[in-house]
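Open your viewer and get ready to click along.

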Amino acid sequence: MSECIEVKDLITDGLVIARVSDPEHVKRKNSDSFKENKSDTRDDFERDYARVLHSASFRRLQGKMQLLGTQVSDFYRTRLTHSLEVSQIGSEIASKITVSGERNVVSKSLVMMACLAHDIGNPPFGHFGEKALNVIMKDMGGFEGNAQTLRVLSSLEKKSKAFDGLNLTLAAKMSVVKYNVQPPEGDTILKGKFLYHDQYDELQESMLPAQTIECQIMELADDIAYACHDLEDGLKSGIIHLEDIESHLSGCQGGEKLLETFNGKVTSAATLSGVRSGDMFYKALTSVLINTFIQDIEVCPLTDKERKKKGTLRTKALGLRTQSSFLDGLKSGVLSTLIGKPAVAEYEIQGASVIKSLYDMLTDKTYNYRDRFFPEEYRYFISNDIYPLERVAVDYIAGMTDAFALRLYAQHFGKDVPKYQDNCWTAPLP
C-alpha cells in the first residue's frame, strides 16, 4: 500500500501547487477589508474554507437530494452530508501528496474548501433538475452544475456589500473548476460539461491552469464518495441489492475481473464486520472500498477523451492506477439500478415539473408584477440590469432546496404536482 502520492510529474507537466506565499494564488478580485483584522491568524486558504462553510448556499445542501430524495428519510445522505464526506476523503488524499519526498505541500484547507463547495451549484431534484434547467436555458447560455458552483461563489452568495460573491482567492476559485470547456455557440441544447461564456473568458486570463492539483483531489474524492456512499445508502434502503451490482459488473468490459474484485471486497467486509448484511456490514464495505481506491491513487496519463472532457492540454493527472474500471463500474451500477426504480423516476420527473412551473411563474411579468416574488437580492440584479430576468429566475430556482421548491409550487399553483403533464417540455432532456 502506498503511503504517499508523488506528484513531481504533474509539476513538470505544467501544473503548480497553490501556495499561500504566492501573490497570484491568493489574489482576490476585490480588496478585502476583512483581512485587515490583525487578530485573525488564519492564512488566505483557511479564510476561503471558512467563507464556504458558513455560507447559506452550503447550508442549503442539507435540503437537496443525493440518492433517494430528502423526503424519504433524514437517515440517508443529502448533498450536505455527501460534501462533508468528500471533504474528509479529500483531506486524506491531500495528506499523502509529496513532491520529491516533501510532505505537506498541498493546503488541506484549500482542498477541503473545494470539496465542501463542489455541489453548491447543483439545483433541487438532482441531476434531473440540472437537465431541466439546461433545457430552459437552451438559448441563453445553458445551465451546468459545476459552472453554477463557480457562479455562486463568485457572484451570487453575498458576504459584504463591498464585493460580489465570497471574494475567494484565485486558487480557491480554480480548485472547483473541473471542466475548462466553453459551451459551443448555437447549440439548441448544450450537452456535456462546460463553463459559462463569461467564466471561460475570465479564467483564461488567470495564472493558474484548469484542473489544478487541488481540483483533481476534489474530483477523485467526489467520485469515490459518490460510488461508495450511494451504494451504502442503496443497500440500506433495500433499493439496491448486492446481486444488482454483481450482475452489472459482470456485464461490463472485463466483467469477470471486476466481479472477482467486488466479491473480494464483500468478503473482506464480511470478515471485518462479522456479518454479511445489515448496517455494520454496509459500513465495513464502504470503508474497505474507500481504502482500496485511496491506496490506488497516483499520477496517471490522460486519454484524449479525458483531456477533451476536462478541457486541458495536460497529459497527466491524478487518477487510479489499477481500479479505475472498478470505480466506474460501481458508479454506473448504482445509477443503472436506480434508473429502473419507479419511485426514483417519479420523484425526478415531479421535480422537473416543479422547476418548469416555477420558472414560468417567476418570469411572467404580469403575474410576478415588479418581480415581487423574488427575494430582495435577486430583485436588485434585475432592477439594475446586472443579469437578465431569465438567468436570475434560474439562479433563484437552482439555489432552492427540494422542500422549498415544492412548498413554493403549492403556494402559487394550489395543487399537488402532477407527475405527468402533456407537452411539459418543448425539447427532450439531454
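Start with the whole fold: of the contacts (heavy atoms within 4.5 Å) with a separation of 6 or more, 70% are between residues 24 or more positions apart. What you see is a predicted model, where local features need pLDDT of at least 70 and side-chain atom pairs count only at pLDDT 80 or more, while totals for chains, interfaces and linings use all residues. Residues are numbered from 1 along each chain as its sequence is written, and side-chain values use heavy atoms, leaving out hydrogens and water.

Now switch to a cartoon view. The protein has 19 helices and 4 strands; these are DSSP runs numbered from the N terminus, with helices being H or I of at least four residues and strands being E of at least two.

Zoom out for the overall dimensions. Along the principal axes, the C-alpha atoms fill a box of roughly 65 × 55 × 45 Å. The radius of gyration is 22 Å, which agrees with the value near 22 Å for a compact globule of 430 residues. That radius is taken over C-alpha atoms, and the globule rule is 2.2 Å times the number of residues to the power 0.38.

Of the 430 residues, 54% are buried (under 20% relative accessible area; exposed is over 50%, partly exposed in between, with a 1.4 Å probe and protein chains only).

Select residues 145-156 and 389-398, which are helices α7 and α18. At what angle do their axes cross? They cross at roughly 100° and come within 12 Å (axes are lines fitted to C-alpha atoms, for helices over the stretch in contact, with angles from 0 to 180 degrees between N-to-C directions). That makes α7 roughly perpendicular to α18, a label for angles of 65 to 115 degrees.

Show side chains here: Gln-148, Arg-151 and Leu-156 in α7 meet Arg-391, Asp-395 and Ala-398 in α18.

Finally, compare two loops. Most residues other than glycine have a negative phi. Select Phe-125, between α5 (108-117) and α6 (126-136): its phi is positive, about 70°. Is Phe-125 buried or exposed? Phe-125 is buried, at 0% relative accessible area.

Then select Asp-385, in the loop between α17 (376-383) and α18. Asp-385 also has a positive phi, near 55°, but Asp-385 counts as exposed, at 69% relative accessibility.

Methods
Parallel < 35°, antiparallel > 145°, perpendicular 65-115°, else oblique.
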